[in-house]
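Colleague: Could you walk me through how to read a few local features in a model like this one?

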Amino acid sequence: MDIKIDKISECEATLTATATADEVNTIRDTVVATYMKNANIPGFRPGKAPKSVVAKRYAEPVREEVEYRLKSDIQEQSLQQNEDLKVLDFGQPDAGFQEDGSYSFSTKLTIVPNFELPEYMGLEVTVPSSKVTDEEVQDALQKYAEGSATHEPVERAAAMGDVAVIDFTTTVEGKPTAEFCGKPVGFMEGREGHWLAMKEDAFMPGLAEGVVGLSVGDTKDITLTMKEDFPIAELASKEVTFHCTVKEVREKRVPEITEELFAEALPGKSMDDIRGIVRGNLEGRKQQEIDEAKADQISEQLADKLTFPLPEALVDRENENTVQRKIYEAIQKGEYDVIEKSKGDDYKAECRKETERNLRVYFALQEIARKENLGVSENELLNAVAGMAQQAGEKNLKNFIRKLYRENRMTGVRLSVLTSKVLDLLAKNAKVTEEA
C-alpha cells in the first residue's frame, strides 16, 4: 500500500494513498470467507455455498466491508509511518475503487501544531469529601419514600404541600389567550383536571399561592405577570388571568421507611441491609463526583498554561457545536433569553474562547499520551463502541461499527477513549486535598 503525506501548513497536511488490485483482492477474499461461514443461500447447506455464489449474493455489503477495512488500514498505516505527525482529524476523504481494481484515497488532514507541554504530573486539586454520613443515608431513604408518596382526597381547603386538581381557562386584557395571541398557545389556553402541585415553583409561579385556602367547588380569578423571557413571545411581560375552579384537594401522604416499602425493589432485605446498599450507592456516586472534579480541575489548569495557535477552520467548526450546546443547556434550565443573547458578538466571543481552551487541552492530552506511551487496545475500543451502540439503541454491533466507519467517526472514538485514559493517569498522580 503506497501512502504519502505532505505537510502544507502548521495545521494541515494532505494524505494520498493507493492500494493495488492484489491488496484489494486479498482483503475481499478475507471478507467473503467470513460471509461463507454463515451464508444461508437456497439450494446450499448453511455455510457450504461456493465462494463465487456468496460473493455475488452479498456483493454490496462485501464491497462496503472491504472499503471500511481499506480506509482503516490507510489511516492506521499513515500514523505508523509518520509517528511525529499528530493527526487530529482525517477529514472527508475522496476515495473509491478504480477500473483496474485498485483503490485510491485522498484527504486533507487537520494536524496539531507543535507546542511545549507544561508540567502535568502532580497537579493540585481539591475534591469533595468521600465520606457518606448517616444523615445522607437517611436523606436518601426519605427521598425514596417521598417518591412512593400517594395523594389522597381530603375535605378541607388547599394548603401548600397539597395537590389541587383544578379546571382553568385564561384571558389577557379580557380576551381568551389564544385570541389575544392570534394563534393556539397550548396549555396556556386552559386545562381540565390539571394536577397543580402546591409549591412555589410549580407550573406558573404564584398560581399555587393563589389557590391556597380554596375548597372543592370554589372559583377564583388569579392574575399573574409573565416573565420577560416567557417562551411565548406574545405573552412576555403580560398579565394573564387564570380563571380557576377547584375540583379536588389531595393531601400528600409519605409512607414510613420500613422493609415493606422496599420489598419490591429489594425483596427479603432487612433495614440494615437496605441502609448498607444505599450507603454503597452513595459512595459510588461520590467517587464519580470526585473523579469529575479532578478531571475538570486538571483540564482548567492545563488550559491556563497553553497559548499556542489553533487551526481557524477547526475552531470555527467546533465553535458551532459549543454555541448549540450552551443554548441547549440554557433552555433546559428555563433561560429562554439565551436565544436572543446568542445573536450578540459578546456571546459568540465567549463561546469561542471556551472552544479554544477545550481544543488546546484536547491537543495537550494527546501529546501527553504520546509521551507516556498510552494507547487504546482493540478491546477497549470495542467496549467503547458497544457502549455507544447500547446508548443509541442499536442492537446490531457490526452494523453500528460500519456506520461509524462510514461517517468517519471511528478515529474520534479512539481519541476519546485515549483522552479518558490520560485524564485517569493525571488524576492518579495529582496532589489531592479533600474538602471537610
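**Loops and a helix pair**

Modeller: Happy to. Asparagine 373 counts as exposed, with a relative accessibility of 69% (exposed is over 50% relative accessible area, buried under 20%, partly exposed in between, with a 1.4 Å probe and protein chains only). This is a predicted model, where local features need pLDDT of at least 70, side-chain atom pairs count only at pLDDT 80 or more, and totals for chains, interfaces and linings use all residues. Residues are numbered from 1 along each chain as its sequence is written, and side-chain values use heavy atoms, leaving out hydrogens and water.

Colleague: Where is asparagine 373 found?

Modeller: In the loop between α10 (345-371) and α11 (378-392); helices are DSSP runs of H or I with at least four residues, strands are E runs with at least two, and both are numbered from the N terminus. Asparagine 373 is not a glycine, yet its phi is positive, at about 55°.

Colleague: And what is phi of serine 237?

Modeller: Near 65°, again a positive value in a residue other than glycine. Serine 237 sits in the loop between β11 (219-225) and β12 (239-253) and is partly exposed, at 43% relative accessible area.

Colleague: How are two packed helices described?

Modeller: By the angle and the distance between their axes. Here, the axes of α7 (residues 271-305) and α13 (residues 410-428) come within 10 Å and cross at roughly 95° (lines fitted to C-alpha atoms over the stretch in contact, with angles from 0 to 180 degrees between N-to-C directions). The two helices are therefore roughly perpendicular, a label for 65 to 115 degrees; under 35 is roughly parallel, over 145 roughly antiparallel, the rest oblique.

Colleague: Which residues of α7 and α13 meet?

Modeller: Lys294, Ala295, Ile298, Ser299 and Leu302 in α7 meet Leu423, Leu426 and Ala427 in α13, contact being heavy atoms within 4.5 Å.
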